[in-house]
Structure formats: structure tokens, C-alpha cells
Amino acid sequence: MQKTGLQVLELSKSYQSGGGENKVLKKISFTAKDNETVAITGPSGSGKSTLLSILGSLETADSGELWLGSINVARLAGKELYNYRNKTVGFVFQEHFLLPQCTALENVLLPAIPAGEGRKLKKRGGELLVLLGLSGKLDSFPSQLSGGEKQRVAIARALLNSPKLLLCDEPTGNLDAVNAKKAADIFVKLAAKEQVTVVMATHNKELLKNFTAVYAIDNGSLKKVKN
Ligand SMILES: Nc1ncnc2c1ncn2[C@@H]1O[C@H](COP(=O)(O)OP(=O)(O)OP(=O)(O)O)[C@@H](O)[C@H]1O
Ligand SMILES: [Mg+2]
């Protein structure tokens, strides 16, 4: 068993619907090395968000294995599960979910508050915003930021706790073509700079030129499109 990167082994997930069984993921397997950028494409309803939810331990698979480094994710419970969700994994969603009453920097620092580490991580939060091209915007409120800028604040927030795995669900869905491409390029840069494995769900194949691997979910199976 490899002790680095992400390893997904024959994951399956079904939902009950209308009296029948909706087999969303059928024995999906893939691996990603540390610092890889992996894109998951596929039509609406194909299971992209379901897969990301399982990778982030927000959902459990029916069967199969999931390893991040030496962490056996399905076996996590209690404090270890809390730490996995809050520190080991970072999430970026299509909607940025920034708090309107908080500045950009305060929004980035939100994940540190439960552990009482807001002050300690203030420098890192500011550095991440600078890294993402928002040096003049630390004290701006979300209402004063463009869509792409808000999305970058959400990316900085997801990175605050130095996750090993960054899960991004359609993070560019609300951006125009130019900003979507910029955001995708940012993920590639971050993977190297922050030593994080990125798994991104997207409809938009145009964005994926620089990604190290691209998969498509097709009728519950995962197929490699590019590596
Ligand atoms: N909690 C749930 N209960 C029942 N069915 C669900 C649940 N979550 C998702 N599904 C079903 O699983 C399938 C996959 O949904 P999922 O959200 O993973 O698709 P997706 O690829 O992310 O789609 P989109 O591109 O529209 O975001 C869909 O048929 C959906 O209806
Ligand atoms: Mg989805």
C-alpha cells in the first residue's frame, strides 16, 4: 500500500430513489500522487459531487477503500474524523459562501476559529490572499469584490489549515471564461506551491489543459481522459 497521495479502490455508492436503486458510482478506482491536479468531468447527475463528498468524508461509500497517505478514511471516527474534515481536507464550492459581514481576511481566518488559532494564522491568511493576487483587498467586504475575487478568497480559506487534499466542486461555475481559466491555473500553481493534491469537479473541459489527469464519470464508471 502506498503511503503518499490519494488512493481510491473500487468505491461504490448507490442511493434509493423512487423505490429503485440509483447506482451512482460503480467500483471507481484511481490514484493521485501528492501535488497532482485531478479533474473529474461528466454530465449533470453523473456523480461528481457524490465522489467529492466521499473523498471529503461527508458521505460514506457503500463499499471500497479510500486512503489519503496512510489514513484509511472510512475507518476514521471521533476526533480523527473531525481533524480529517477540518484540517486534512479543504473544500471549495461553486458558491463561495463568504460571510458578508466579514472582510476578505476575516473570511479566510474562519476555519481557524474553532481551534482558537485565528490570531496565529493571521499572517498565513494574509499571505494566501497575496498569493492569490488579492494584496490590496484584505480589508474589503465580499460586496466590494468581483465574483472571481470572492472565489479566490474562498480558495484561500480552504487552504488556511494547510490541507493535504483540496476538493473543488465546480469552483469556476459562476465565473466567465477568462476568470474560470485563471482560477483553474491557480489550482495548478497551488498544488505545487502548497504541496496539496487537488481534485476538481467541472463541466468545463476547456480549463483542464494544465491538469495532470482528467477523468470522466460515464454511467457510474470512471474513465481516464488524459494524463
Ligand atoms: N442525498 C442523496 N439522496 C438521493 N440521491 C442523491 C443524493 N445525492 C445525490 N443523489 C443522486 O445521485 C446522482 C449523482 O448526483 P451528483 O450530485 O453527485 O451529480 P453531479 O455529477 O455532481 O451533478 P451536477 O453536475 O449537476 O452537479 C444524481 O442522480 C442525484 O439525484
Ligand atoms: Mg455536482
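Which helix and strands each supply at least two residues of the shell around ligand 1? I looked this up first, keeping in mind that the model is predicted. The answer is strand 1 (6-17), strand 2 (20-32) and helix 1 (48-55).

**Entry 1: the ligand shell.** I listed the residues surrounding ligand 1 and got Tyr15, Ser17, Asn22, Val24, Gly42, Ser44, Gly45, Ser46, Gly47, Lys48, Ser49 and Thr50. Helix 1 gives the most, with three residues. I then sorted the shell by class, and it came out as two nonpolar, nine polar and one charged.

**Entry 2: overall form.** I stepped back to the whole chain next. I counted six helices and 10 strands in the protein. The radius of gyration is 17 Å, and a compact globule with 227 residues would come out near 17 Å, so the two agree. Along the principal axes, the C-alpha atoms fill a box of roughly 50 × 40 × 35 Å. I also checked burial, and 41% of the 227 residues count as buried. As for contacts between residues at least 6 apart in sequence, 69% of them join residues at least 24 apart.

**Entry 3: the core.** I asked which residues have the most contacts inside the largest nonpolar core. They are Val108, Ala156, Leu165, Leu166, Leu167, Val198 and Val199, in a core of 64 residues. Helix 6 (residues 177-193) brings the largest share of this core, with seven residues. Leaving out residues up to four places away in sequence, Val199 touches Ala32, Val38, Ile40, Leu52, Leu55, Leu165 and Leu167.

**Entry 4: strand pairing.** Strand 3 (residues 37-41) and strand 9 (residues 213-218) pair in the parallel sense, over four bridges. On strand 9 I also found an antiparallel pairing, with strand 10 (residues 221-226), over five bridges. There, Asp218 has Ser221 in strand 10 as its bridge partner. Strand 9 and strand 10 form a hairpin with two residues between the strands, and Asn219 takes a positive phi near 55° in this hairpin.

Terms used: Residues numbered from 1 in each chain as written. Chains lettered and ligands numbered in written order. Predicted model: local features only at pLDDT ≥ 70, side-chain atom pairs only at ≥ 80, totals over all residues. Rg over C-alpha atoms; globule rule 2.2 N^0.38 Å. Buried ≥ 20, exposed ≤ 12 C-beta atoms within 10 Å, placed from the backbone. Contact = placed C-beta atoms within 7 Å. Pairing = 2+ DSSP bridges. Core = buried A, V, L, I, M, F, W, Y, C linked by C-beta atoms within 7 Å. Near = placed C-beta within 6 Å. Nonpolar A, V, L, I, M, F, W, Y, C, P; charged D, E, K, R; others polar.
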